[in-house]
Amino acid sequence: MPLLASSGGLLRLFGEGKDDHRIGDEADPPTLGKEGRQNSRSYSSRDLAAHTKLKFRQPGQGTKDEHARRDLKLELLQAERDAANRKAKGERGYVQDQKLLALANGSAESAAPSSENGTESESAAKRRKMLQEVADLDKDDSDDDDDDEEDDDENGTGAKQDKGKGKALDLSDADEDDDDSDDDDDDDDEDETAELLRELEKIKKERAEEKERQERERAESEQVSRDEEIATGNPLLNLQAALGHSPAPSTISSSSAATSFGVKRRWDDDVIFKNQARGVSETPKKEFVNDLLRTEYHKKFMSRLTLEPNVLLFLFPSSKAAPTSPDTAAAALSSPELNPSPPTCATMPTRLASSFALPPPDDPLRPSYTTRRDDHQFAKQYANLYWLRLVVLRKRVLERARRKWEGAGKLEGVKTPPRHVKRLLEVENGKLCYVVGTVYVDMPLKPNVLEDLARDHHITAPPPREKYHSASDEIMLEDESGRVRLVGKQMDEAEGVFVTGTIMAALGAETSSGDFEVIEYCFAGLPPQPALKPAKPDGGEWVAIASGLEMGSASDAADVRTEMLVEYLLGEAGEAEDQDEAVKISRLILAGNSLARPDIGASASEEPKKIKYGYDSSLYTAKPTEALDAFLAELAPSLPIELMSGETDPTEPTMPQQPLHHALLPNSAMYEGFTARTNPFWCDIGGASFFGTSGQTVDDIFKYLEGDDRLGVAMQTLEWSHIAPTCPDTLWCFPFTDRDPFILHQTPHVYFVGNQPRFETRLVEVQPAAESEDQTVKRVRVVLVPKFSETGEIVLVNTATLEVRRRRFALGE
């Protein structure tokens, strides 16, 4: 019953039924409300107290008694001894730790009586066992040292060590006697420390002496070996070996001066000029040569076929074997049976060296077309470009207008010479005057911003127009003050003259309607021209100019024409006259559009696929760049090439176009003769100044005019002293704020325009004005270079006479 009561009490303590989560003897009545119930007395197990009992160290966990029984000094000495054994074991002159040995022996003797009486404690037994192990280890080491000492005694080097050991043993005996007295422990410790320090100094001294002895013996041995080598290497002292007999064995030693002079090596091994070429390869080092005619392979090939430099042998008759060497070839040529008449030889032609130069970077007359980082700030306004153009060219236009209109008798029927009005808004009605300003042509058909906006909203835009000209066009002249419309018979009859962006002087008077009726007009004219100084007066150099190669197109005929062009420029095609002409070509200029436009086809209308690596072959092909690179790499070793950028080339379309990146043409970029150039491009070749564009400037101006005279447009750009007046109206260009690079400050000798429909040329000669200080006649060769992919034509220009030749490459003609 008590057990049951106790069990019931336990059950009662932890609760029963649905109230088993409560602690107590009674549960709250379920009929009471929330306010009538008592506060809950339940607790979480995590809130209960934990770790209510202190923990103490158990035996084996470093208790106080265990620390009291430990001999820390002995353990420290033993640890030091072990470390010293690991570090110094095997070294000569090593001395055991006598203090540790004496301490171990004393501990063993002091522990013996207590063991006999049976009163030895557990800690004492443990200490004695440890000391015994240390003593055994020292005994083994002492045996090894005794063996070494015996060996040293034979050589007279072990006396000092024995003496030191005796002192150490005497010291250990003294320590045993002193341990009986507790009053003298401190004095004994000091004496022991001093004795150990003296012993340590002695050991160090012995080791230093031993090391010095070893070094002395080594030096003596090396000296003996050196003397032996000197004696045996001298043939005068070793005649037997010098005469080729077997050498006698060497008997040289440190104790004997006699020698047999045995030769171990040749007597001339130490001669000054012996083995001077050792390590030098007789095979010449291969070096890269940027000329196929000067490579090692070409030299070896020509050495088999030539008797003299630059002389080729023709084929021998088939009935006789051809000679295989120059000597046999000469004999064969002199043989009357094989060759009754003197052999016919042909001298290899040599290409003329090109004299080429670029204008200096700071040349004010021919500025560089390489853009700077500041030129790419498209947030700037283009008004600065028009203002700079007007400021620079106004002075030249005014100077020409004064010479033409001011002065007595310059204008027929005009008694009072006209005056210059600086501002357009200051022109008076009915008074004759002349003004200078920028031409602006209001053209309804010209592209505007609304068309670009329509493209952004996906509204079908009209196709691009070939011409912006229409009958409703109006020509205006403007300056800083305002704008005035130009009218009159001269304006109606002029064709191909007025283009937006040109700087012009107009002579006339204001009408009642506010328009300006023009009687005459003039532009800046041709700028000064340097004298033509041919580098080679006897014939000069020929420069080949081509454009529109469009490499990589799908046309097989274009590929064949390109291969014919390569053979012609290398002198491998045509007759002797053609080869002689090709040899005189000193440089090739490619005026843009060297790569074909990509033919995407039906894939352009489809949505492009997302490719993680590489590129989509349906939208891009590397064939054009690979074909152009192969074409240039074939010509560059023999012919210098200047590659200008074009409209279809992978570079910025904004004028001036920058050179193509060399990574596009990796093979041809390695040659010194190949260089990518800007568009436009200035250079001096053979004493003549060359200037040209890839054709965008003339093509854009051509849209403003009604006629089809492209050659007249090119000549008119010289009259305007500006090659791209439509920049930035309808031709893209950089927003320059400090210069207008398209202004001509110097007249070139050759002015070429690439990518034109057909070949045209004219020699422009301008006579100097009577009042001008420079009375030199200006001569300019204007050349329109056709597209090679469509016509198969290139142009040759002579630098001395400015003569022009056209060469055409076609199939079946």
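View 1. Val-391 is partly exposed, with a relative accessible area of 41%; partly exposed lies between buried (under 20%) and exposed (over 50%), using a 1.4 Å probe and protein chains only. The model is predicted, so local features need pLDDT of at least 70 and side-chain atom pairs pLDDT 80 or more, while totals for chains, interfaces and linings use all residues. Residues are numbered from 1 along each chain as its sequence is written, and side-chain values use heavy atoms, without hydrogens and water. Val-391 belongs to helix α11 (residues 383-405); helices are DSSP runs of H or I with at least four residues, strands are runs of E with at least two, and both are numbered from the N terminus. Together with Trp-387 and Val-392, Val-391 makes a nonpolar surface patch of about 270 Å² accessible area.

**View 2. The two faces of strand β7.** In a regular strand, side chains alternate between the two faces of the sheet.

**View 3. The neighbours of β7.** Strands pair if DSSP finds at least two bridges between them. Strand β6 (residues 474-478) runs antiparallel to β7, with 3 bridges, and a hairpin of 4 residues connects β6 to β7. Leu-477 has Val-484 as its bridge partner. Strand β9 (residues 516-522) pairs with β7 in the parallel sense over 2 bridges, and Phe-516 of β9 stands opposite Leu-486.

**View 4. Two buried cysteines.** Cys-433 is buried at 2% relative accessibility, and Cys-522 is buried at 3%.

Definitions and conventions: Patches are made of residues with over 30% relative accessible area and no salt bridge: like charges are joined within 9 Å, nonpolar side chains (Val, Leu, Ile, Met, Phe, Trp, Tyr) within 5 Å. Accessible areas come from the Shrake-Rupley method with a 1.4 Å probe; for residues, only the protein chains shown count as cover. A salt bridge is a side-chain nitrogen of Lys or Arg within 4 Å of a carboxyl oxygen of Asp or Glu.
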